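Here are some notes to read alongside the structure. Please look at the sequence and the model before going through the points.

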Amino acid sequence: MMEVLFDRVPGEPAGGYGGNPRWDGLAVNFVESLDGVTALPDAPGESGAIVSGGSKADKFVMGLLRACADAVLIGAGTLRAAPNDLWTADAINPDAKDLYRRIGKLQPPLYVVSGSGNVPQPKQPALILTGKMTAQQIVDRVRADGHRRILCEGGPGLFSELAAAGLVDEIFLTLSPRLYGRFPADGRKALTDLRDLRGMPLELRSLRREGSHLFLRYRR
Ligand SMILES: NC(=O)c1ccc[n+]([C@@H]2O[C@H](COP(=O)([O-])OP(=O)(O)OC[C@H]3O[C@@H](n4cnc5c(N)ncnc54)[C@H](OP(=O)(O)O)[C@@H]3O)[C@@H](O)[C@H]2O)c1
């Protein structure tokens with residue numbers, strides 16, 4: 001069970017989250033180390049699971065947000081890093097499957113964007129949008145299928161494009177009690193990448209704790 005330290009989000013609680021996880025528009029979900037690392041190029045698979053240290057609470061939140069989403073959106077870099085992963089609520093945390101089913105969708109549709117088209121076939125049904133698009137075109141394309149509540153699960157490249165275009169409404173961020181360090185050109189990535197976000201201001205909406213992990217939720 002997560003400890004609720006601060007919560008300004010009105011609405012019905014959902015499961016062990018202790019508050020309403022639903023958002024309006026487009027949200028992103030990431031885990032980063034205390035020194036801001038989200039992606040490790042030499043990771044054997046998805047960096048998030050390594051950065052989180054396999055946190056069960058982080059997996060719970062990932063599943064919860066997927067269950068609340070009408071659709072999940074990822075960049076090709078995230079799929080290339082973990083071609084065998086599934087971006088579904090029940091796959092990330094089977095223990096909470098019944099709760100997720102009550103809340104929403106166990107397997108929201110997955111959208112992958114790739115300018116190059118150089119992506120492996122995901123292990124789940126997915127719509128792969130190929131060719132360079134603007135951030136607005138990406139969101140419009142997902143919305144055209146009737147999806148309002150979109151969950152972007154990264155990576156930093158796609159998130160930064162969406163944020164720079166002013167399209168990110170909420171940020172769910174798990175702060176993992178780990179330090180990695182950085183070297184010039186080491187390939188490690190921060191939460192954002194290759195975009196000047198000019199000190200974009202954010203408002204804290206809620207803060208939860210489980211052990212030494214913090215679960216932050218911000219609104220733009
Ligand atoms: N810590 C976390 O919570 C977390 C979450 C997610 C991912 N990650 C990690 O982050 C790393 C991947 O992140 P990343 O920044 O390298 O990649 P990414 O953001 O997942 O994907 C970037 C790619 O998406 C495609 N793309 C982005 N914007 C596009 C646009 N406007 N139009 C068309 N295609 C577009 C391009 O694909 P093409 O190259 O095919 O053109 C681009 O290279 C992995 O190591 C992953 O494990 C960590």
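1. The model is predicted. Residue numbers count from 1 along each chain as its sequence is written.

2. Helix 6 spans residues 135-144, and its buried residues are Ala135, Ile138, Val139 and Val142. Viewed down the axis of helix 6, these buried residues fall within an arc of 90°, so they line one face of the helix.

3. The cover over the buried residues of helix 6 includes strand 2 (26-33), strand 3 (71-75), strand 4 (110-114), strand 6 (150-152) and helix 7 (156-164). Just after helix 6 comes Gly146, with a positive phi of about 90°.

4. There are three aromatic pairs in the structure. In one of them, the ring centres of Phe30 and Phe159 are 5.4 Å apart and the planes are at 50°, so the pair is tilted. Phe30 sits in strand 2 and Phe159 in helix 7, 129 residues apart, and the pair links these distant parts of the chain. Phe30 and Phe159 are both buried.

5. Phe60 and Tyr100 form another tilted aromatic pair, 6.0 Å centre to centre with 35° between the planes. Phe60 belongs to helix 2 and Tyr100 to helix 5 (residues 97-103), so this pair ties together parts 40 residues apart in sequence. Both residues, Phe60 and Tyr100, are buried.

6. Helix 2 (residues 56-68) gives the most to the lining, with three residues. By type, the lining has five nonpolar, two polar and three charged residues.

Definitions and conventions: This is a predicted model: local features need pLDDT of at least 70, side-chain atom pairs count only at pLDDT 80 or more; totals for chains, interfaces and linings use all residues. Side-chain values use heavy atoms; hydrogens and water are left out. Buried means under 20% relative accessible area, exposed over 50%, partly exposed in between (1.4 Å probe, protein chains only). Helices (H or I, at least four residues) and strands (E, at least two) are DSSP runs, numbered from the N terminus. The arc is that of the directions from the helix axis to the C-beta atoms. Contact means heavy atoms within 4.5 Å. Ala, Val, Leu, Ile, Met, Phe, Trp, Tyr, Cys and Pro count as nonpolar, Asp, Glu, Lys and Arg as charged, and the others, Gly among them, as polar. Rings of Phe, Tyr and Trp (its six-membered ring) pair if their centres lie within 6.5 Å; planes under 30 degrees apart count as stacked, over 60 as edge-to-face and the rest as tilted.
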